Amino acid sequence: MESQLVDKQAVQANRITDAFTQKSGSLLNVYFTAGFPNLGDTVSVLEGLEQAGADFVEIGMPYSDPVADGETIQKSNMQALENGMSLTVLFEQLADIRSRVSVPILLMGYINPVLQFGVERFCQKCQEVGVDGVILPDLPLDLYLDEHEPIFRHYGILNIFLITPQTTDDRIRLIDEHSEGFIYMVSSASITGSTSGVSDEMLAYFDRINAMNLRNARLIGFGIKDSETFQMANKYASGAIIGSAFIRLLQENGADVGKITAFVEGVRG
Amino acid sequence: MTVLEPQTSFEVSNKGFYGSFGGAFIPEMLYPNVEELRRNYLAIMGDPAFQAELQALLTDYVGRPTPLFLAERLSNQVGATVYLKREDLCHTGAHKVNNTVGQILIAKRLNKQRIVAETGAGQHGVATATVCALMGLECIVYMGSIDMKRQQPNVDRMRMLGATVVPATSGSQTLKDATNEAMRHWINNPVDTHYIIGSVVGPHPYPDMVARFQSVISEEIKTQLLAKTGRENPDYVVACVGGGSNAAGAFFHYLHEPSVRLVAAEAAGLGVLSGHSAATTALGKPGVLHGSRTILMQTDDGQVTEPYSISAGLDYPGIGPLHAHLFNSGRGDFYAITDDEAIQAGFQLSKLEGIIPAIETAHALAALPKMNMKPSDVAVVCLSGRGDKDLAIYSKYL
Ligand SMILES: Cc1ncc(COP(=O)(O)O)c(C=O)c1O
């Protein structure tokens, strides 16, 4: 039993960690909200992103009160909830996703729906359908370690943590120690979808983190929206995460594979 | 030797929990701000110079101590002795200012230049705008766009005091959404801004810090009741609960006095089961909102339910973690009061005692006849605010 679990964990962990060994940089992670713009679009968008060559996909689990998100993602969350999206529906939609795509999949969302679903049941479902990691911004490190880490480990689900320009070096070291896969590096003090652009302060922060020689790879997110910002991120990290800009594309064009491909190619430049 | 531990503690734990409720469920973006506050709030509050400044403001600016008034005609009607703790006589007209004077002094010690706040009824927004004017700090208040309409006088007061009032247009456009927007603002401005939360909600240390600033209410009740009746402890302390700050303040020094029943009045809106209610303990289950684990109105999928109450200050789908613990442990008695019951109680107090209460407060008064009190019982009601802001609503029932 024990060894079987360990094996599972190794297999699971590999899809995210493998991506970093197979490719040394310019990794692109694209976020979209499950069930958006239409309830049935989740799998089409996912397949579109794989075909377009995204290195990771991050599926947003919609929530009524997404405090770390700006207007674009908030609205996509509301729309998805109105469409009838829930964790139960999402796991149904993803039931045979591993026969269709091989791209590493992360689920991103807020802790309350996961708590109501049941943390263990959630991790078990993630493992069952082939989700590799999760990002839960309002589950901070200490509460994760106190209450949930053994369950995540048991099911081989990587929990990805965020750091920001205000995170102290000591805390970054602590987060690095407990992270597997990658560290989500929030580019500036902001919610998602900010348009503040690249500042000297931001570059100084990127340099500071680079110099720390962390054991985990880093992807930069928040404010990455096009080829220019993607290239900038690639100079300082293994790649980047795009969210709001892609949500705007889906809002305008729906789950159109051609448009998705053009978007991803455009970002890669 | 066995050491007998108390069964339940009502003090916050090191990690910010009351029983299983509380904690700090915050995104990493907020961690440095909340951690800065957590590391410093007790030391700052314990500093004699801080206490001297706070006490001077409470006395000369807020107008404390507020009276404890024996409401004789109401007592006759209710069939027990009822005292009113007159928080409505605080400067700005509600208990909210006890917290904002405290937090603005903390913000100054942390060298913050700007204040952000959420508000429901507008009382906390007004109390925040007031202390910002006093201290010369910039003030931004988020308020649900529905609440801006139903509490228009308070919007004008905030603007007159120099605050920027920003409508929260997402979700139910009430207190929950205003709180989301204030948190987003804080994420976007982490270094120079302090977030003055208006109730005993939010991530640790807010619930504890706000409860401590409001605890002056029960501190005064104890001495005043002793002077008037020869006993410190009433049989009941009664307060309305939105997030629960006036209740936390009124309960604070009685938490460990089991002979004192702690009575909380929640807003039932059109009725607990009507689908238009904010009766959190009746309808909710454990969940995480605005940084703490508490009792929360939510769907089976964990989406937060949009609450309803005629009272903007009680129109919130959660309660502070201390209150969730009081409810769960049986230490508190929770009553659900409908819009109509509250309005009637508001009119009753106006006619019997010449005091027009806030609609929030009227919910606490409406609990009195439901408590099965004996004639010898003594109840203290926290009269959390005055009703001037609510005249547009009351006048529909005239
Ligand atoms: C007069 C008055 N009482 C009570 C409340 C509810 O807040 P809390 O439950 O934090 O005391 C409010 C909130 O706006 C209020 O204005």
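This is a chat about a predicted model with a chain A and a chain B.

Reader: Okay, let's start with the two chains. How many residues does each one put into the contact?
Author: Chain A brings 34 residues to the contact, and chain B brings 33.

Reader: And what area gets buried between chain A and chain B?
Author: About 2,800 Å². Carbon and sulfur atoms give 55% of that area.

Reader: Which three residues supply more than any other three of the area chain A buries against chain B?
Author: Those are Asp65(A), Val67(A) and Gln116(A), which supply 20% of the area that chain A buries against chain B.

Reader: Switching to helices. How do the axes of helix 14 and helix 15 of chain B cross?
Author: They cross at roughly 90°, and the axes come within 7 Å. Helix 14 covers residues 339-353 and helix 15 covers residues 359-367. Angles from 65 to 115 degrees count as roughly perpendicular, so that is what we call helix 14 of chain B relative to helix 15 of chain B.

Reader: Which residues meet there, in helix 14 and helix 15 of chain B?
Author: From helix 14 of chain B you have Glu341(B), Ala342(B), Ile343(B), Ala345(B), Gly346(B) and Leu349(B). On the helix 15 side they meet Ile359(B), Ala362(B), His363(B), Leu365(B) and Ala366(B).

Reader: How do the residues of that contact divide into nonpolar, polar and charged?
Author: Eight are nonpolar, two are polar and one is charged in this contact of helix 14 of chain B with helix 15 of chain B.

Reader: New topic: Asp208(B). Buried or exposed?
Author: Asp208(B) is buried, because its relative accessibility is 5% and the cut-off for buried is under 20%. You'll find Asp208(B) in helix 9 of chain B, residues 206-214.

Reader: What does the side chain of Asp208(B) make a polar contact with?
Author: With the side chain of Tyr41(B), at 2.6 Å. Setting aside residues up to four places away in sequence, Asp208(B) touches Val12(B), Tyr18(B), Tyr41(B) and Leu42(B).

Reader: What is Asn77(A) in contact with, leaving aside neighbours within four places in sequence?
Author: Tyr31(A), Thr33(A), Met61(A), Pro62(A), Tyr63(A) and Pro66(A).

Reader: Now the backbone. What is the peptide bond from Phe36(A) to Pro37(A), cis or trans?
Author: That one is cis, with omega near 0°. Pro37(A) lies in the loop between strand 1 (27-33) and helix 2 (41-52) of chain A. In chain B, a cis peptide bond joins His204(B) and Pro205(B), with omega about 15°. Pro205(B) is in the loop between strand 8 (193-195) and helix 9 of chain B.

Reader: And Ser26(A), what's its phi? Positive or negative?
Author: Positive, near 55°, in a residue other than glycine. Ser26(A) is in the loop between helix 1 (2-22) and strand 1 of chain A. At 30% relative accessibility, Ser26(A) counts as partly exposed.

Reader: Last one: where is His290(B)?
Author: In the loop between strand 11 (285-289) and strand 12 (292-296) of chain B. Phi of His290(B) is near 50°, again a positive value in a residue other than glycine. His290(B) counts as buried, at 6% relative accessibility.

Conventions:
Residues are numbered from 1 along each chain as its sequence is written. Chains are lettered from A and ligands numbered from 1 in the order in which they are written. This is a predicted model: local features need pLDDT of at least 70, side-chain atom pairs count only at pLDDT 80 or more; totals for chains, interfaces and linings use all residues. Side-chain values use heavy atoms; hydrogens and water are left out. Helices (H or I, at least four residues) and strands (E, at least two) are DSSP runs, numbered from the N terminus. Buried means under 20% relative accessible area, exposed over 50%, partly exposed in between (1.4 Å probe, protein chains only). A polar contact is a pair of N or O atoms within 3.5 Å; within protein, one must be able to donate a hydrogen and the other to accept it, and residues adjacent in sequence count only if both atoms are side-chain atoms. Contact means heavy atoms within 4.5 Å. Axes are lines fitted to C-alpha atoms, for helices over the stretch in contact, and angles run from 0 to 180 degrees between N-to-C directions. Angles under 35 degrees count as roughly parallel, over 145 as roughly antiparallel, 65 to 115 as roughly perpendicular and the rest as oblique. Ala, Val, Leu, Ile, Met, Phe, Trp, Tyr, Cys and Pro count as nonpolar, Asp, Glu, Lys and Arg as charged, and the others, Gly among them, as polar. Buried area is the accessible area (1.4 Å probe) that two parts lose on being put together, summed over both.
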